[in-house]
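Good morning, and thank you for the time. I would like to take the group through one model, from its chains to a few individual residues.

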Amino acid sequence: MTSTATNSAPARGEVLLDVQDLAVEFDTEAGRARAVDGVSFTVRAGQTLGIVGESGCGKSVTALSILRLLPQPMGRIVGGRILFRGQDLATASMETLHKVRTGQIGMIFQEPMTALNPVQRIGKQLSEAILLHRGVSARAALEQSIELLGKVGIPSPEMRVGEFPHQLSGGMRQRVVIAMALACRPALVIADEPTTALDVTIQAQILELMKALQDEMEMSVILITHDLGVIAETCEDVLVMYAGRVAEVGPVEDIFERPSHPYTRGLLESIPRLEYPRKSRLRTIEGMVPALMDLPTGCRFNNRCPHRTGRCTAEAPTLDPVAGAHRVGCHHWRGLPAWAEPAA
Amino acid sequence: MSAPLLEVRDLRTWFPVRGGVLLAARGQCKAVDGVSLSVWPGETVGLVGESGCGKSTLGKSIVRLVKPTAGQVLFNGTDLASLPRRRLKPFRREVQMIFQDPADSLNSRLTVGSMLEEPFLIHGIGDDASRREKALELLRVVGLPPAAIDRFPFEFSGGQRQRIGIARAIALNPKLIICDEPVSALDASIQSQILNLLLDLQERLRLSYLFIAHDLAVVKHVSDRIAIMYLGHVVESGDGEEVYRHPRHPYTRALISAVPQPVPRRQRYRQVLSGEVPSPIDPPPGCPFQPRCPHVQPVCREQRPLLREVGGSGLAVHTVACHFDL
């Protein structure tokens, strides 16, 4: 086990991760781009925070920053703090970071085939993760691997440890990746689009598995996805990101029942729902996400926003409290029309 | 409207599975295994299923990007499945295709203008000036600025590239467009723009669509009728609303219940299927769904259920391939 003092589990609901004013920059051919700009959020023990947004909104970069896994040398954290159990991961030593990565925070990536080593047997890869942070023999590690594979619902795990990733289906591979993330019994798991590459019936299996394991192991989860349905059904809290900033953050019921940012509303209105009448025209958000090198001044959503005023182009909004933990980054949220559940 | 535009009859597309030293055929991958469906003028038929169910192979077999093994693809009465390649050209004008990833399906070395003029060139329509005129008109129809004509695909976002793909598909005034996952690579806010565009074009140009996708909510939204595919077979079909409200096949039910809905804390029954889709190289005996079916009975392991009528009539007939009335 890793350092004992920090590993005592915090009580459910207590803040486990506190990200404050995170800023991340990338060097690109076109110059320096700020992919994440002043993002703050907290993750409570035993709960799931969903981060939702479209391509390029900075949700994956935010997740990678937590474990300082940004692509090097282009990406770097240029501001803010990432407080995990009181230590700032943004400035932590490589040694501390290594302990956190191997013993306290696990990571699940979207594409299991790229997260697994194609030329190593499943058992070897899992054992390696276990050996890294537990002083056990290779044999005991393999036994634990088999136990873990069984836990994530892989049939005949004692056979599977001898197989290579290509011999497994996409859903099974994702189970292996989950098993690896859980090998260190982490307090926090960061899952970046864990089910996006999977079919819906397999997605349902994986989400159910993650929920069950979360309850059993009392983990916290950061779930990154573009799918508002997945967010609604699995998360307690939501962070809506747009063009590198927080649009809106709060408990899941508040965000879905009283969305207060025009972008959140636009997203909720634009997705086709099963109960809509066929061929009805969907609401849309005009235009498209701006490029990071070409962001509008003031509020970054202003060029697509139906409620834009002069103030929106002049001044970036700060996060305003709506009610309780629900906060929104919009100058005009108070003046928006009352929200009605979309019905096309 | 007295005859279907497209009628697929008992279509099979099998691929030989090769192996060994001499790459001898060792078996057959039955990607599409006896599918029948029809598309009538002006309607959209949605085809839903998960990866490997054969929905894309079916689409490609219809436009003859893949040669079907058996069965018929009747387009206005002519069987495209058996036509020699050189005689397909006139039908290429009538049946077009839109692909999932416009980045892969657009030639990166051609300007948008030359890409849109190419169909006219191939079919010997108009002169240089009138072709450019047509290309500009197409851009306007799909909502792109005229300046796009001299630019290359990489200069566009995913949504704009899909608009280019759509412009190319409608260039020759086709009657039928096979849309293969046209919005699944797009972000939510862009997806709705493209779906609206497809709906508008259908009305204006009286197009018929065969709309293939894995996302049930998307397919149901744009389709008049839908068919659910599983392991090379259609397991249920009928009016979209009817199939969604009263699904009869256990797979359809599981599929509907697996779609995550953007409504938090909704207490609802979710049927999580165990197991995975079997391989079409070695399909299970009997019903293709039986290894995962929560209602499986001995007969399911022995006999493959055929599609039978369970309600509706005429075009809206509701059919299901299950031995039981659940």
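This is a predicted model: local features need pLDDT of at least 70, side-chain atom pairs count only at pLDDT 80 or more; totals for chains, interfaces and linings use all residues.

I begin with chain A. Its secondary structure comprises 12 helices and 12 strands. The C-alpha atoms of this chain fill a box of roughly 65 × 50 × 45 Å along the principal axes. Of its 344 residues, 49% count as buried. As for the contacts in chain A with a separation of 6 or more, 63% are between residues 24 or more positions apart.

Chain B is described in the corresponding terms. It holds 11 helices and 12 strands. Its radius of gyration is 21 Å, close to the 20 Å that the globule rule gives for 326 residues, so chain B is as compact as a globular protein of that length. Its C-alpha trace spans about 70 × 55 × 45 Å along the principal axes. Of the 326 residues of chain B, 47% count as buried.

I turn now to the interface. Here 39 residues of chain A are in contact with 38 residues of chain B. Which elements of chain A supply at least two residues each to the side that touches chain B? They are α8 (200–217), α9 (228–234), α10 (252–257) and α11 (262–270) of chain A. The largest share, 7 residues, comes from α8(A). By residue class, the side of chain A that touches chain B divides into 17 nonpolar, 11 polar and 11 charged residues.

Next, the core. In soluble globular proteins, nonpolar side chains tend to be buried together. In this model the largest nonpolar core has 177 residues. The residues with the most contacts inside this core are A:Ala179, A:Leu188, A:Ile222, A:Val240 and B:Ile228. Helix α7 (residues 170–182) of chain A provides the largest share of the core, 8 residues. Apart from its neighbours within four places in sequence, A:Ala179 is in contact with A:Leu126, A:Leu148, A:Leu149 and A:Val152.

For a local example in chain B, consider strands β1 (residues 6–19) and β2 (residues 24–39), which pair in the antiparallel sense over 12 bridges.

A:Arg81 lies in strand β4 (residues 75–84) of that chain. Is it buried, partly exposed or exposed? A:Arg81 has 16 C-beta neighbours inside 10 Å, and therefore counts as partly exposed. Setting aside residues up to four places away in sequence, A:Arg81 touches A:Gln20, A:Asp88 and A:Ala90. The C-alpha atom of A:Arg81 is separated by 28 Å from that of A:Asn302, 221 residues apart along the chain.

That concludes the presentation, and I welcome discussion.

Terms used:
Residues are numbered from 1 along each chain as its sequence is written. Chains are lettered from A and ligands numbered from 1 in the order in which they are written. Two residues are in contact if their C-beta atoms, placed from the backbone, lie within 7 Å. Helices (H or I, at least four residues) and strands (E, at least two) are DSSP runs, numbered from the N terminus. Ala, Val, Leu, Ile, Met, Phe, Trp, Tyr, Cys and Pro count as nonpolar, Asp, Glu, Lys and Arg as charged, and the others, Gly among them, as polar. The radius of gyration is taken over C-alpha atoms; the globule rule is 2.2 Å times the number of residues to the power 0.38. A residue is buried if 20 or more other C-beta atoms lie within 10 Å of its own, exposed if 12 or fewer, and partly exposed in between; C-beta atoms are placed from the backbone. Two strands pair if DSSP finds at least two bridges between them. A nonpolar core is a set of buried Ala, Val, Leu, Ile, Met, Phe, Trp, Tyr and Cys residues joined through C-beta atoms within 7 Å.
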